[in-house]
Amino acid sequence: MCGIVGYVGERRADQVLLDGLRRLEYRGYDSAGIAVNPDHRVEVRKVAGRLDELARVMQQEPLHPAGIGIGHTRWATHGRPTRENAHPHTDEEGHWLVVHNGILENFSQLRRELEARGHRFRTETDSEVVPHLLEELYRGDLVEAVRQAVLRLRGSFALAVLHDAEPERLVAVRQESPLVIGLGRNENLVASDLQAVLPYTRQALVLENGEIAEVSRDRVRVIRFDGSPVERSPMRIAWSVEESERGGYRHFMLKEIMEQPEALRETLRGRIDPEAGELDWEGLQLDRERLARIRRVAVVACGTAFHAGLTARELIERWARIPVEAEVASEFRYRRPLVGPETLALAISQSGETSDTLAGLRLARELGATVLGVCNVMGSSVDRESDLRLYTRAGPEIAVASTKAYTTQLLTVTLLAVALGESHGELPAEERRRLIRALDALPGKAREALGLSPRLEELAREATGWSDVFYLGRGLDVAVAMEGALKLKEISYLHAEAYPAGELKHGTLALISDGVPVFAVLTQPEVAEKMISNLLEVKARGGRIFVVAPASLREEVEPVGELLPLPESEPELMPILAAIPLQLFAYHAAVARGNDVDKPRNLAKSVTVE
Ligand code: AGP
């Protein structure tokens, strides 16, 4: 995810900014930049790549000493990770410098309007509309220009803004993307994350959505977007640098599990129109005609991403009525798959660098398929080698065990399945409306599901004595069960297996005896009764059953086992919610067993070798 740092004070801004950006490095980025304002002459240095490269450029072409500046590390969302697309962005005359975190939903429209009025754009980013807007709206009052500009923006944005005529102050904005002001003595900082300000101060002012801060070295003034003043006491930061990197959580994995509501909101941002109950095709940036010509889909993915692919198979077949094959990429690449010019090869990958997935993608391409990459890392190999792309927008995932990457993959393939359903004329408008409304409410429901954490922590303490755990599901729940078992194995090192519940009596039931733990995922109404009878068979053999199911099924579930209640949503979206308690259980089980949660043994975050 992008990082923002801003500084006004007595030190050399360029050094403070570089140091602050380094503290945000762990979040992942693909390009970086810094702007300072030494006495009405704004100077900028930007690079594609690492901060070391930026430091090298700053050594070769030193910036003049200045007490004010802004810096940014970019995690590309709109436009490739190039030097041009790196922040800070500027207007044509170079008066305004802006760094931005988040996604501007209405940037295409704003860009068209600005271009029609003569503005010339240099980058492919959504962010560049901001300096151009500011240039138009400026009447000599820096804060008022920013206030007018943010009223035109839709989406998520944290901004830090400089103007060359104003070497004494900068302006910061927060709207659905975090921003804090670090309050020092004769210096103040702006940052997207607390850890960037920790070496300078432990006093911070956390901006709320819809707020603008005017920051000079000895004063911070906060107003709302409507201009009204905000009075807020600063807070004292008690976290260590390490803790603050993890947002106060003990592990990155827990932080990433807890971030899922926001990550899911980002995945949806600008891609659905909840009022109309339709997809936003412009925001999706998918070629509808090209999708309509697809006659078959082949999913290529590994591990967790493959589990998201299994869900894609079910939803695409259900809504678009075209056949979908889903296979782990390490097998797909050595078969002679039935792929041709009318095939959509769906390459799903968090990192975009998984070697088997890439090999599968290349094979499908050779066979004439259109490749669609569902990827979290812009500029990665999967991204670059795809014809069409849908970013999952989970933000950087640092823990080896995939959590928010998985649920955002599920959500992204759901959007794709709706798009294919619509382009193939198979998903009626009424059904689309039902789904789009439910999608819009989903991030809030994910937050409710996180409330199961204390009970799962309790259970995980008991689980230190367990040796084998079974995961069952039917229909869409089978893939969720598989993902639950994978999560448990990889970080708790407990043996776990997942099955379609109907398969149990064909062999595995022999392993069920007194006290054997079984997690059942039960979210699909059309197979709920069947699932209950499978679970009764498990119960009759002494199995200890935990059922992840909507709260409304309490009466049906209680006779067979303990209900882990989920909020209600449309059945097709329930796998996203059902994944959450299974992630939490795996996490707490790994902690209870004293394992290295974020870096489990024998595993790498990105498997770039065969
Ligand atoms: C699961 O938690 C893993 N991190 C793993 O299965 C992962 O999903 C797989 O290696 C694929 O990685 P990718 O999404 O980066 O391609």
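Buried means under 20% relative accessible area, exposed over 50%, and partly exposed in between, with a 1.4 Å probe and protein chains only. These legends describe a predicted model, in which local features need pLDDT of at least 70, side-chain atom pairs count only at pLDDT 80 or more, and totals for chains, interfaces and linings use all residues. Residues are numbered from 1 along each chain as its sequence is written, and side-chain values use heavy atoms, with hydrogens and water left out.

**View 1. Two loop residues with positive phi.** Most residues other than glycine have a negative phi. R321 has a positive phi of about 55°, although it is not a glycine. R321 sits in the loop between α11 and β19. Its relative accessibility is 56%, so R321 counts as exposed. Q285 also has a positive phi, near 55°. Q285 lies in the loop between α9 (281–284) and α10 (288–292). At 57% relative accessibility, Q285 counts as exposed. Helices (H or I, at least four residues) and strands (E, at least two) are DSSP runs, numbered from the N terminus.

**View 2. The five-stranded parallel sheet.** Five strands form an open sheet in the order β19-β18-β20-β21-β22, and the pairing is parallel. Two strands pair if DSSP finds at least two bridges between them. β19 (324–328) and β22 (388–391) stand at the edges with a single partner strand each, so one side of each has no neighbour in the sheet. From one strand to the next, the twist averages 20°. β21 (residues 370–375) pairs with β22 over four bridges, in the parallel sense. Here G373 stands opposite R389 in β22.

View 3. Helix α11 (residues 303–320) lies across β18 (296–301), β19 and β20 (343–349). α11 runs at about 170° to β19. Helix α13 (residues 355–366) lies across β18, β20 and β21, at about 165° to β20. Axes are lines fitted to C-alpha atoms, for helices over the stretch in contact (heavy atoms within 4.5 Å). Angles run from 0 to 180 degrees between N-to-C directions.

**View 4. The eight-stranded antiparallel sheet.** Eight strands form an open sheet in the order β3-β2-β4-β1-β10-β9-β11-β15, with antiparallel pairing. β3 (43–48) and β15 (235–236) are at the edges, each with a single partner strand, so one side of each is left without a neighbour in the sheet. β9 (residues 180–183) and β10 (residues 187–191) pair in the antiparallel sense over four bridges. L183 has N188 in β10 as its bridge partner. Helix α1 (residues 13–23) packs on the sheet and touches β1 (3–9), β2 (31–36), β4 and β10. The direction of α1 makes about 155° with that of β2. Helix α2 (residues 51–60) packs on the sheet too, touching β2, β3 and β4.

**View 5. The hairpin of β2 and β3.** These two strands pair in the antiparallel sense over six bridges. S31 has A48 in β3 as its bridge partner. Six residues lie between the strands of this hairpin, where D39 takes a positive phi near 60°.

**View 6. A cis peptide bond.** Most peptide bonds are trans. A cis peptide bond joins H87 and P88, with omega about 0°. P88 is in the loop between β4 (68–74) and β5 (89–90).

**View 7. The nonpolar cores.** A nonpolar core is a set of buried Ala, Val, Leu, Ile, Met, Phe, Trp, Tyr and Cys residues joined through side-chain atoms within 4.5 Å. The largest one has 95 residues. L286, I316, L346, Y471, F519 and F585 have the most contacts inside it. Helix α21 (residues 574–592) gives the largest share of this core, 13 residues. Apart from this core lies another, of 29 residues, among them L17, L63, V180 and V197. Not counting residues up to four places away in sequence, F519 touches residues including W466, F546 and F585.

**View 8. Helix α15, a covered helix.** All 20 of the 20 residues of α15 (residues 404–423) are buried. At 1.5 Å times one less than its number of residues, α15 should span 28 Å; its end C-alpha atoms are 28 Å apart, which agrees. Just after α15, G425 takes a positive phi of about 65°.

View 9. The structure holds zero disulfides (cysteine sulfur atoms paired within 2.5 Å). For C302, the nearest cysteine sulfur is that of C375, 13 Å away. C302 is partly exposed, with a relative accessible area of 23%. C375 counts as buried, at 2% relative accessibility.
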